[in-house]
Each structure stands twice: as structure tokens, then as C-alpha cells.
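Grab a pencil and have a go at these exercises. Try each task before you read the solution under it.

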Amino acid sequence: MKNGESMRILHLGTLLMLSISVTACSSQNVQPGATVANAGNTHTQTELFGDAKPTARSNQAQTYRQDAHPAQRQVAFAGNAVGAQIQPTQLGSGGGDKVYRGEGKLNRLPDNIASNLRLRGLSEQNLGAYIRPVNGAQPLLTAYSDTPRNPASTMKLVTSYSALGVLGPTYRWPTEIYTAGNVVGDTLQGDVIIKGYGNPDFREADFRQLLQALRGRGIRNIAGNFVVDKSYFNVPPQAAIDGNAGAEYNAQPEALLYNERGSCYEMRNKAGQIQRMCPIAPRNGGDLNANLFGDFWKIWVGEMGGRLNGGLQVNAVPAGAQLVDTHHSAPLRDVIVEINKESNNVKARQLLLSMGAKQFGAPGTTQKGAGAVGQFMESRGLRFSSLKIENGSGLSRVERISSREMGEMLVDAYNSPYRDELMNSMAVLGVDGTVKNRMKNLAGRGKFKTGTLRDVRALAGYLTAANGQTYVISLLHNDASIRATAKEAHDDLVEWVYYGAQNNVASAQ
């Protein structure tokens, strides 16, 4: 769609009023927001091109009527929000710096790995490698491991581990439905409000549950508006950074994220013709919720026979609104499975913002999220001077961490109460996720997170070697000449660990 957001909303409302049957399917879209924060002291991925600057966000709440001309948009200011009270997690001190900063048994890449890199026109100094037993023994390898590097999507491991500690493995995101106004007969003399708290996976079935609860109150007609409250996050919209505004990996987070920012509709008009429309290719926070509005019409009007006299508003829950029902998401431990196995960017970003809102109060921001990560790392005794967080997903040109810091975090995670949850979320080598087709000869022997950007290839996770010893492997490779074949050298290094540890090759000086 090339039209402005108001035209898309108008078109959607008009066509949905003609609908007899509507079905929806999901598709991610939209740009990432970007706010840089350094957490070092405070504490299915594709190519990424270029950089972007954050755009300031208006504090005004926007109101759209479905029957309004674009020039006649109503604008209102948000009032004070009410809703769920989410208390911060008390995180104690880690008791000093527990990061191992000494040398490994080998402090340069094995000769065959270095040769493989050179054959591909790559400098070995651009690959940071850190390999250490999970029991905390001396590392097998520390090669260029203290240089801060772009981790690409392996940053999701930092975000996921922190979320397990800050939010908790059983944390469930609430989404609430409210009414504002009196009910007279079967008519609500006021508005229906949906308030989101950052659920990364709010879907049609979840929305239907909330509307069924509303219908269960005897309400059929809504005299006012359908209102969306997304005030729990504050994420400035950002222009596309790679020239592909509709790419799913660029989806921007939102407090009321619906269908991961996209819906398509098939409908039968009055002439009996089937029309397919993907009305929203969201490009900012303002038009995201038209997807939700579309499904409101599908469910409330099309399925439940209800009516809405007003239009779509984006506003805060007003004081005095009545809570009708609350939907709770799947637990965090389940949500991070898709984040890490399939490298879902927007869901990782939802985690970062959720942590920020919980620890430092709403609205959640990327700065607060970075602070929450730093706070958690400090509580584990992990003091990372290189860690820089932009959005927590790795879809960034400024996020940084060293391979030693990534490796030390994974050693700590293995020896933490969250080991099983984190490892269960990671792709199984040669079996599933982003490493399904890698190293089939070692299938099932490792759990990893990959990272891929232009000029970046990364691999981080756990490998159980032939001798039964489990190792942390952290490979962060930044090189302007890097290509997809660089992963072959990484795979060779993983195999070197697997076989070499048994044959004492890994300990050779």
C-alpha cells in the first residue's frame, strides 16, 4: 500500500462493513525503533543495510473515525492510565566481578581454522573466539576475545537470559479489556478499551476471548469508540534502515502488538465477490492498531452480530473505567523458544521493553530495558564493559559485546537456575531452528543461537564434545569481506572442539 495511514484505515472500515465472512492471516511488517543505551556500567534473520536515526514521537493520542476524511482526523490527549500493577524484581548484588579474564590453553586460532579463513580472504583477527568448559575450568581458546563486536542475533541470548531473571520463566503478559460508560439494555453508552502490556504473541484467538467476555456482559451495541491503549511502551518510530520497509524482520515493537504487526483479510462483498486485502503494511505506531480494528469488526460485528457506532481511537484507559476481563499470554519460557530457535526480532524487542517497564516503571523504553539487563548482569557478578544495547534483538549496527563476555554469560547461565529454560529455547544443532541444516554429523550434540547481518556472522551456545565434556562456544565474526561461506570455518572450529578435546588437540599450545 502506498497511501497514507488514514486512507488505509478508512478503506479497511468501509470494506469490513460490507463483509459477510472475514478471515485473517499473519505477516510481520514495519521498521525498528532505535534508541541507544550502554548497559555495560549501569546496567529468521536476514541482511541489514545502513544506519538510521530515531524519530521523535508525539505525546498526543490520535483518534481516527472510520468514516472520516483524512483531513478531518480528530486528535485527543491521553488521560491517566489505569490497569495492572507490575512490580519490579529485587535483584541482589553479585558480589564483585566473576568474569574470567585470564588466558586460555590456546590463545590463537588453531592453524587449520586460521588457514581456512585466509583461503576465504578473511583476517583471523576479525574473528573473536572464546571456548570454555561449562564447569568453569580454564578456557580452551581465547582468540581476540576481548574486542567488542557486533553480535547480530546472538544478542537475543543476552536479552532472553536477562528476561528469565528479571521477568521470571513463568511470567505471563496481561492484556485487558475495559468499558467506559453505563450499560443500558444491551447498549454500552461509551467506549470499549483494550490495554496492552507488551505481549509478544497476542493473536486473534486471544482477542476473541476478550470480546467474548464483553459479549458475556450482555453488551451488543457500543455507542462509543474502540480504544487502544498502548501507553505501557514508548518506542519512537524509525525510518527503514535497509530499504525494505515491509520486511518482517524489521517489525517495530508495541505495547499492544497484534499478529506481530500484520493482518490480511479475505471478504465477500455485497455482490458475492471474494476480495483479498492486506490493508496494513504498518510503517509506524499509528497504523499498527488498524489490524486490531479490522479483527474487531470481523469478530464483534461479523461473528457476534454486534455494532459499533464510533471509530478507532488510540488513548489511555480513563479513570473510572471498568475492567471486564484479562487475557494472559503463554509463559516467558515458551515465548523465548521462538525468539531463539527462529530468531524472532520483534518478540526479542518486546522482552527488552517489558523488562524496562517492570524494573523502572512504565512506559517501557529501550534505555530502561538496557538498564534492566545491566542490573541483572550485575546481580550475577557479570561486569561487562563492552556491552551496548540498542534494541535487544541484534538487529542493529551499534550493539556490541565481546566474545569473552558472551561466553562468560553462557557459562553463568549454565550454572544458574535458568539453565533449562535458556537451553530449551535454543536451536538444536542439525535438528531445528536456524542450525537445522548445519553440521548434521554432530546432530543433537549442541544448542546454538546464530547471528547474521551484512559483515557479521556469529554463533554462540553449547556443545557436548566426544569425551562428554560440555563447552561454551562464542564466535563473533565482524569482517567487511565476510560471506555466507564464513560459517564453514566456524563449523570447522566447532568440530575441532568436538573431536580435539578428546584427543588433547584443544589444549596444544
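**Exercise 1.** Which kind of contact do the side chains of D111 and R108 meet in?

Solution. Start with the ground rules: this is a predicted model, where local features need pLDDT of at least 70, side-chain atom pairs count only at pLDDT 80 or more, and totals for chains, interfaces and linings use all residues. Residues are numbered from 1 along each chain as its sequence is written, and side-chain values use heavy atoms, with hydrogens and water left out.

Step 1: look at the side chains. D111 and R108 form a salt bridge, at 2.8 Å from N to O. The term means a side-chain nitrogen of Lys or Arg within 4 Å of a carboxyl oxygen of Asp or Glu.

Step 2: check the surroundings. D111 has 53% relative accessibility, so it counts as exposed, while R108 is partly exposed because its value is 38%. (Buried is under 20% relative accessible area, exposed over 50%, partly exposed in between, using a 1.4 Å probe and protein chains only.)

Step 3: zoom out. The structure holds 21 salt bridges.

**Exercise 2.** Find the salt-bridge partner of D432, and work out which parts of the chain the pair ties together.

Solution. Step 1: the partner is K341, and the N to O distance is 2.8 Å.

Step 1: (Helices, H or I with at least four residues, and strands, E with at least two, are DSSP runs numbered from the N terminus.)

Step 2: compare accessibility. D432 is partly exposed at 22%, but K341 is buried at 14%.

Step 3: look for a network. Salt bridges with shared partners link D201, R203, E338 and K347 into one network. Inside it, the side chains of D201 and R203 meet at 2.7 Å, N to O. D201 is partly exposed, with a relative accessible area of 30%, and R203 is partly exposed too, with 23%.

**Exercise 3.** How do helices α6 and α7 cross?

Solution. Step 1: find the helices, α6 at residues 332-341 and α7 at residues 345-360.

Step 1: their axes come within 8 Å and cross at roughly 140°. Axes here are lines fitted to C-alpha atoms, for helices over the stretch in contact, and angles run from 0 to 180 degrees between N-to-C directions.

Step 2: name the arrangement. α6 and α7 are therefore oblique to each other. (Under 35 degrees is roughly parallel, over 145 roughly antiparallel, 65 to 115 roughly perpendicular, and the rest oblique.)

**Exercise 4.** Which side chain of opposite charge is nearest to E390, and which polar contact does E390 make?

Solution. Step 1: E390 is in the loop between α8 (366-379) and α9 (403-414).

Step 1: E390 is buried yet has no salt bridge, and the nearest side chain of opposite charge is R349, 7.3 Å away. (Lys and Arg count as positive, Asp and Glu as negative; His and the chain ends are not counted.)

**Exercise 5.** Is N478 buried or exposed?

Solution. Step 1: N478 belongs to strand β18 (residues 470-478).

Step 1: its relative accessibility is 18%, so N478 counts as buried.
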